[in-house]
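This report describes the overall dimensions of a chain and the packing of some of its helices. Please consult the sequence and the model alongside the text.

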Amino acid sequence: MKSLAGLEKIHREYGAGLAAQKVAAVRALGKARLRSARFHEILLYLRAFPDDRELLDAVERALAPFPREAIRYRFFWPTARWLASRWPERLRYADDAFAECEPRLRAALPLLVTPLQAEAVKRSEEPTAAILDRLRGGKTAAAWVVERLAKLSAAETVREAIHDGIDATYLLDTGPGGPSRTHAIYPTGPVVFRSTAPRRDRPDLSRALNVPPLQVRRVSASEGSRLVDLAREAMVTRSRDLDAFAWGNPRDVRVVTDEDGLAFAMIGIVPERRLPLPTVHGWLTLRNGVPTGYVQTDTLLNSSEISFNTFETFRGTDAAHVFARVLAITRHVLGATSFSIEPYQLGHGNDEGLQSGAWWFYAHLGFRPKDPRVLRIYRDELRKMNRNPKHRSPIAILEKLASAHLYWNESRSAPAVLPRVPQLGLRDPERIEPFLKKVAKAKAAPDEDRSLEAFRKLPGLARVLLS
């Protein structure tokens, strides 16, 4: 079996003789210099879930010649700034999308230049691209704009607002050393080889949460910087962005090692960009060192809101077990005993979430709605499924189900917390100001853990947040 179709058919299967068939197919396709995107993603899957050393070696040899690909995305400010600092000569505006952002870019240009140049820009009838050609010197227009924004005498939030208001589509051209899925790997221990497929049964969360991770290790700032970069690269090469990675703090990173080759890089946020209330961590999921997904946890009091994502290449494997390990680690490392899933993750304003049936993924694991309207729809759908096991909730019903949070509590005495942030922020300033000053002091701790600990010790915290 040496065809791509044949390899695709067996690459997720394990058992007698299959490893040899995979090796033969990988070697043959590599020798034929096949460079298709599908072959590449199958190789990444096999790198993360290899049968044996012979297959892993064949996969590495087949991956090595794959070229880096250009990346196209509407990057947000911190990621655009990171890219411009690392690969300024490769970052440019997408020509076919420039006209759409040109008026907004033209309006922002006077803020980035001297007063004389600003007046010239306002009066000039030249196209914006021509003006940029005059101003940018030897830099690309995109790198020049990002560099000038970074030097603007203004708060970081102002720079961010200006950049994201321009909302340009970027292209990061290919070249050596740039972001790459092919070369993205961070070994966390001995490679785990497989003789059976990853588990696809449904875990009992009550039991799973009692099992701690094998190891939690804080890393040095230099190793933390490498992991933050790996997380950012894993996102940009898939046209994604995550604030927790974009604002990642290299001095607040730890590697959590679990069984079966599973590990996570838990990344805290730099103090100046932390959210006012919850403690936020971005997690890069690793399987045998290969990035396979990402997580964000927003932890407040003893509750954590979970955003859980698996990269497309690795979907359909053991997502339920990986998710259960995320909850267990959040419990043992961050002290959370109750959990919630936000509407966007469930499909609210998220077509991918609706199409994948994300709502039922969490419901089958024991998460339940509290919103009375959603609870009625849920119970009605359960009755239909009991009458007809083949019943599937239509998209219109999934949209209604996804309109409110889902919750899971370890015990009824520790319900999930969703503070009334809008009401809290708009409360009588004289009444709330002393509390907010204490919050700000707690959130200024060197890392998110100490911030969370200090936050929990604030007197009357639960009463203020939930009243």
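The radius of gyration of the chain, taken over C-alpha atoms, is 25 Å, which agrees with the value near 23 Å that a compact globule of 467 residues would have. That reference follows the rule of 2.2 Å times the number of residues to the power 0.38. The model is predicted: local features need pLDDT of at least 70 and side-chain atom pairs pLDDT 80 or more, whereas totals for chains, interfaces and linings use all residues. Residues are numbered from 1 along each chain as its sequence is written, and side-chain values use heavy atoms, with hydrogens and water left out.

Along its principal axes, the C-alpha trace spans about 75 × 70 × 45 Å. Of the 467 residues, 52% count as buried, meaning under 20% relative accessible area with a 1.4 Å probe, protein chains only. A contact requires heavy atoms within 4.5 Å; among contacts with a separation of 6 or more, 71% come from residues 24 or more positions apart. The secondary structure comprises 23 helices and 12 strands, defined as DSSP runs (helices H or I, at least four residues; strands E, at least two) and numbered from the N terminus.

Two packed helices are described by the angle between their axes and the distance between the axes. Here the axes are lines fitted to C-alpha atoms over the stretch in contact, and angles run from 0 to 180 degrees between N-to-C directions.

| Helix pair | Angle between axes | Axis distance |
|---|---|---|
| α5 (residues 77-86) and α9 (residues 141-151) | roughly 110° | within 9 Å |
| α6 and α10 | about 150° | 8 Å |

The crossing of α5 and α9 is left-handed, that is, the near helix is turned anticlockwise from the far one by less than a right angle. Trp77, Ala80, Arg81 and Ala84 of α5 meet Val146, Leu149 and Ala150 of α9. By class, this contact has 6 nonpolar, no polar and 1 charged residues; Ala, Val, Leu, Ile, Met, Phe, Trp, Tyr, Cys and Pro count as nonpolar, Asp, Glu, Lys and Arg as charged, and the others as polar.

The buried residues of α9 include Trp144, Val145, Val146 and Leu149. Besides α5, the buried residues of α9 pack against β2 (91-93), α6 (98-108), α8 (128-135), α10 (156-166) and β3 (170-172).

The helices α6 and α10 pack at about 150°, which makes α6 roughly antiparallel (over 145 degrees) to α10. Cys101, Arg104, Leu105 and Ala108 of α6 meet Ile162, Gly165 and Ile166 of α10. The contact of α6 with α10 has 5 nonpolar, 1 polar and 1 charged residues.

Conventions. Buried < 20%, exposed > 50% of the residue type's maximum accessible area, 1.4 Å probe, protein only. Parallel < 35°, antiparallel > 145°, perpendicular 65-115°, else oblique.
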